Amino acid sequence: MKLDKEYMSALAKLVLLSVIAAAILGAVYIPTQVQLKIYQEEQRQLALREVMPGAVSFEQVLSGEETLYYRALDENNNLIGYSFFRDQSGSQSVITVAGGIDTNFTVTGIKIMTHAETPGLGAKIVESWFSEQFKGVEESKLLLSKKGGSIDAITGATISSQAVIDAIQYKVDEIQKMEK
């Protein structure tokens, strides 16, 4: 009988602590989500400028409520290229790529926004040597070098390398169709 009373008392304390912890987490979660969305939007705006140097403003191209890509404009409101974000399946995760292309569809820059690829292999897609090799690459050369293109794959991470190329190629094709 005494054991049951002690057991019930301990159980009640655990339930009470769990409820208090859940309430605290809930109270902290809501305001941090607002701040997280603000931070993510700031990072997206910085990425747009990074992948499209020379642009001072970006005009959204929408399909319904979805942003397909951005027209990059200079200080005189002239079109100098396009910027975009694309989620692409990689080897271990979805890779979010920010990219920029000029009006001749030559890559002006890329940035990996998010990924969860294998550390030491696919995760090397964030290294500067990998992303720098995309700058100045024409659409026709946007292939792995073993397929006749200009992009060297990461050793042991061909799927991740190809995913980044696929993300950019997809958006180039989409923009070409939309801008005809």
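**View 1. Glutamate 132 and lysine 135 form a salt bridge.** Glutamate 132 counts as partly exposed, because its relative accessibility is 44%. The closest N and O atoms of the pair are 3.5 Å apart. This model is predicted. By the rule used here, the count comes to five salt bridges.

**View 2. Five strands make an open sheet.** The order is β1-β2-β3-β4-β5, and the pairing is antiparallel. Strands of a sheet pair through backbone hydrogen bonds. β1 and β5 stand at the edges, each with a single partner strand, so one side of each has no neighbour in the sheet. From one strand to the next, the twist averages 25 degrees.

**View 3. β1 and β2 form a hairpin.** β1 covers residues 57-63 and β2 covers residues 66-73. Seven bridges join these antiparallel strands. Phenylalanine 58 stands opposite alanine 72 in β2. Two residues lie between the strands. Glycine 64 takes a positive phi near 70 degrees in this hairpin.

**View 4. β3 pairs with β4.** Nine bridges link the two strands in the antiparallel sense. Look for glycine 81, which stands opposite aspartate 102 in β4. Helix α1, residues 2-51, lies across β1, β2, β3, β4 and β5. α1 runs at about 155 degrees to β5. Helix α3 packs on the sheet and touches β1, β2, β3, β4 and β5. The direction of α3 makes about 135 degrees with that of β3.

**View 5. The largest nonpolar core has 28 residues.** Ile101, Phe134, Val164 and Ile168 have the most contacts inside this core. β2, β3, β4, β5 and α3 each give two or more residues to it. The largest share, seven residues, comes from α3. Which residues does valine 164 contact, leaving aside its neighbours within four places in sequence? They are Val97, Ile110, Ile112, Ile125, Phe130 and Phe134. Another core, of 10 residues, lies apart from the largest one. Val51, Phe58, Phe85 and Ala98 are among its members.

**View 6. Glycine 99 sits in strand β4.** Is glycine 99 buried or exposed? Its relative accessibility is 0%, so glycine 99 counts as buried. Not counting residues up to four places away in sequence, glycine 99 touches Val51, Tyr82, Ser83, Phe84, Gly109 and Ile110. Lysine 177 is 78 residues from glycine 99 along the chain. The C-alpha atoms of these two residues are separated by 17 Å.

**View 7. Lysine 111 and glutamate 50 meet in a salt bridge.** Their closest N and O atoms are 3.4 Å apart. Lysine 111 lies in strand β5 and glutamate 50 in helix α1, so the pair ties together parts that are 61 residues apart in sequence. Lysine 111 is partly exposed at 24% relative accessibility. Glutamate 50 is also partly exposed, at 45%.

**View 8. Glu59, Arg71 and Glu179 are linked in a network of salt bridges.** Between glutamate 179 and arginine 71, the N to O distance is 2.9 Å. Glutamate 179 lies in the segment after α3 and arginine 71 in strand β2, so this pair ties together parts 108 residues apart in sequence. Glutamate 179 is partly exposed, with a relative accessible area of 24%.

**View 9. Glutamine 169 belongs to helix α3.** The helix covers residues 158-178. A polar contact of 3.3 Å joins the side chains of glutamine 169 and glutamate 139.

Methods
Residues are numbered from 1 along each chain as its sequence is written. This is a predicted model: local features need pLDDT of at least 70, side-chain atom pairs count only at pLDDT 80 or more; totals for chains, interfaces and linings use all residues. Side-chain values use heavy atoms; hydrogens and water are left out. Two strands pair if DSSP finds at least two bridges between them. Helices (H or I, at least four residues) and strands (E, at least two) are DSSP runs, numbered from the N terminus. A polar contact is a pair of N or O atoms within 3.5 Å; within protein, one must be able to donate a hydrogen and the other to accept it, and residues adjacent in sequence count only if both atoms are side-chain atoms. A nonpolar core is a set of buried Ala, Val, Leu, Ile, Met, Phe, Trp, Tyr and Cys residues joined through side-chain atoms within 4.5 Å. Buried means under 20% relative accessible area, exposed over 50%, partly exposed in between (1.4 Å probe, protein chains only). Contact means heavy atoms within 4.5 Å. Axes are lines fitted to C-alpha atoms, for helices over the stretch in contact, and angles run from 0 to 180 degrees between N-to-C directions. A salt bridge is a side-chain nitrogen of Lys or Arg within 4 Å of a carboxyl oxygen of Asp or Glu.
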